[in-house]
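Visitor: Could you walk me through reading helix packing? I'd like the general idea each time, then the case here.

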Amino acid sequence: MRPAVAALLLGLVILLWGANWPVMKVGVELMPPVTFAAARMVLGCATLFLVAAAAGQARLPSRHDRRIVVWVGLLQMAAFVLLIALALQIVPAGRSAILSYTTPLWVLPMAMLVLGERLTWMKGAGLVAGLAGVAVLFNPAGFDWGDSGVLLGNGLLLLAALAWAVNIVQVRGHRWEGTPLSLGPWQALVASLVLVPAALLLEGGRGIEWSGTLAAVLVYNGPVSTAFCFWAMVTVTRALPAITTSLGTLGTPVVGLLLSSWWLGEPLTWTNLTGLGLIGSGLVLVALSESRGLGSRGGGSRRAGSGRG
């Protein structure tokens, strides 16, 4: 995929995933968290298999791709979805979006050490601005450190960010044979095989409040937020540098915070607005750096995308 198209796809994912934070908050109030995570993954898995079959790409992963398929399923899908579903029972949706997207903190050193990516001054400035915005919004002085539930919820979100960061570096460093669409269903299947037994063992289908609202939440989380967005995110990660991808995703908590304030009535303070401004500045710097890099590399970007869907 051409980097310019990947960048547009990343923007769409930011909007859809950002909107999903208040949606998920409603979901875990109507359904136990592990069951909710399992339900969205099963729906996403079924959607991906149907789309892959319709596109003529329903086939088993090659031996070379099987290990990375398992890792994407375990880290980016099962672990990330489960951890945030558990945390949303404790932490407000806007704050959850922010903490789970501290991914660049972990990606930056791993991408430089493992992948040999270079940090330009504009990306460095974008990183500093973006993480400063996250720090302002995080505001560790703003919650009770003596509350074990609050500490657990925030810790789960940071662990989710770490799991995704590891997977971003894995995906970027892998030499792919299959396309994102041919591999996506199997990644979702791996996650489903982890989440469904966990839901049955821990929650047994209890405590579900069936309603039209829950049906809408599951439809958005299955085909849209899980099937389309996870496929799109793997596609973007394969086409763009790991640091650029991880910094770009900082736009998701911006959308999540604003929509959580509008929909759920979560407070949007001057602290929040300052953090949003810093994150927005970081995203602009990263975008400018990437556009300059594409212009200077010329045909190099084509080489970087070879063998990737």
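Visitor: Which residues of helix H5 (residues 103-115) are buried?

Guide: First, a word on the model: it is predicted, so local features need pLDDT of at least 70 and side-chain atom pairs pLDDT 80 or more, while totals for chains, interfaces and linings use all residues. Residues are numbered from 1 along each chain as its sequence is written, and side-chain values use heavy atoms, without hydrogens and water. Buried means under 20% relative accessible area, exposed over 50%, partly exposed in between (1.4 Å probe, protein chains only). In H5 the buried residues are Thr 103, Pro 104, Val 107, Leu 108 and Ala 111.

Visitor: Why do the buried residues of H5 line one face of the helix?

Guide: An α-helix has 3.6 residues a turn, so residues three or four places apart point the same way. Seen down the axis of H5, its buried residues fall within an arc of 125° (taken from the directions from the helix axis to the C-beta atoms), so they line one face. The face turned away from that buried side carries the exposed residues Leu 113 and Val 114.

Visitor: What do the buried residues of H5 pack against?

Guide: Contact means heavy atoms within 4.5 Å. The partners are helices H4 (93-100), H6 (121-138), H7 (148-173) and H10 (242-248); helices here are DSSP runs (H or I, at least four residues), numbered from the N terminus.

Visitor: Where does Ile 279 lie, and is Ile 279 buried or exposed?

Guide: Ile 279 lies in helix H12 (residues 270-297) and is buried, with a relative accessible area of 1%. Not counting residues up to four places away in sequence, Ile 279 touches several residues, including Ala 129, Leu 137 and Val 254.

Definitions and conventions: Helix = DSSP H or I, 4+ residues; strand = E, 2+ residues; numbered from the N terminus.
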